[in-house]
Amino acid sequence: MLNSLLELRGFSKLFFNLNLKRLSKSFKVLKLFEEVFAMAAKVDRDACVGCESCVGVCPVSAISMSDGKALVDESACVDCGSCVSTCPVGAISQ
Ligand code: SF4
Ligand code: SF4
């Protein structure tokens, strides 16, 4: 009886550990997916009202102003999304 219980416990533990391993693999795959498919921010110049809020939040200074509208340097953008959530008129997307 005790042996069966211990076996059952060992089996549950093994099952639990396997699931944890699987879960962590899935997270790694998701992260990789995110890194590969993350897109640089894009500004809808028609929607931009030139408030410059996005310029100050970019951690890599990838946004500048051009003709009163925000302009993203796609080669510098690290896809953090800060500008997207900062824009008051939703003019930036990724
Ligand atoms: S997504 Fe981040 S890094 Fe790219 S332009 Fe916006 S704030 Fe800058
Ligand atoms: S925060 Fe939005 S509206 Fe303001 S300058 Fe940037 S893109 Fe334009």
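Trainee: Where does glutamate 52 lie in the chain?

Mentor: Glutamate 52 sits in the loop between β1 (42-43) and α2 (53-57). Helices here are DSSP runs of H or I with at least four residues, strands are E runs of at least two, and both are numbered from the N terminus. Before we go on, please note that this is a predicted model, in which local features need pLDDT of at least 70, side-chain atom pairs count only at pLDDT 80 or more, and totals for chains, interfaces and linings use all residues. Residues are numbered from 1 along each chain as its sequence is written, while chains are lettered from A and ligands numbered from 1 in the order in which they are written.

Trainee: Thanks! Why is glutamate 52 called partly exposed?

Mentor: We count the other C-beta atoms, placed from the backbone, within 10 Å of its own: 20 or more means buried, 12 or fewer exposed, and anything in between partly exposed. Glutamate 52 has 13 such neighbours, so it counts as partly exposed. Its phi is near 70°, a positive value in a residue other than glycine.

Trainee: And what makes aspartate 67 exposed?

Mentor: Aspartate 67 has 7 other C-beta atoms within 10 Å, so it is exposed. Aspartate 67 lies in the loop between β2 (63-66) and β3 (69-72). It is not a glycine, yet its phi is positive, at about 55°.

Trainee: How do you know that β2 and β3 pair?

Mentor: Two strands pair if DSSP finds at least two bridges between them. Here 4 bridges join β2 to β3, and the strands run antiparallel. One bridge links isoleucine 63 with valine 72 in β3. The two strands form a hairpin with 2 residues between them, and aspartate 67 is in the turn.

Trainee: Why is alanine 62 called buried?

Mentor: Alanine 62 has 21 C-beta neighbours inside 10 Å, so it passes the mark for buried. You will find alanine 62 in the loop between α2 and β2.

Trainee: Which residues are in contact with alanine 62, leaving aside its neighbours within four places in sequence?

Mentor: Contact is when the C-beta atoms of two residues, placed from the backbone, lie within 7 Å. By that rule, alanine 62 touches Val72, Asp73, Ala76 and Cys77. Aspartate 73 is 11 residues away from alanine 62 in sequence, and their C-alpha atoms are 5.1 Å apart. With 14 C-beta neighbours inside 10 Å, aspartate 73 counts as partly exposed.

Trainee: What makes a group of residues a nonpolar core, and which residues form the largest one?

Mentor: The members must be buried Ala, Val, Leu, Ile, Met, Phe, Trp, Tyr or Cys residues joined through C-beta atoms within 7 Å. The largest core has 10 of them: Ala41, Cys54, Cys58, Ala62, Ile63, Ala70, Cys83, Cys87, Ala91 and Ile92. Leaving aside its neighbours within four places in sequence, cysteine 83 has contacts that include Ala41, Cys54 and Ile92.

Trainee: How many residues surround each ligand?

Mentor: A residue is near a molecule if its C-beta atom, placed from the backbone, lies within 6 Å of it. There are 14 around ligand 1, with Ala41, Cys58, Cys77, Cys80 and Cys83 the closest. Ligand 2 is surrounded by 14 residues, with Cys48, Cys51, Cys54, Ala70 and Cys87 the closest.
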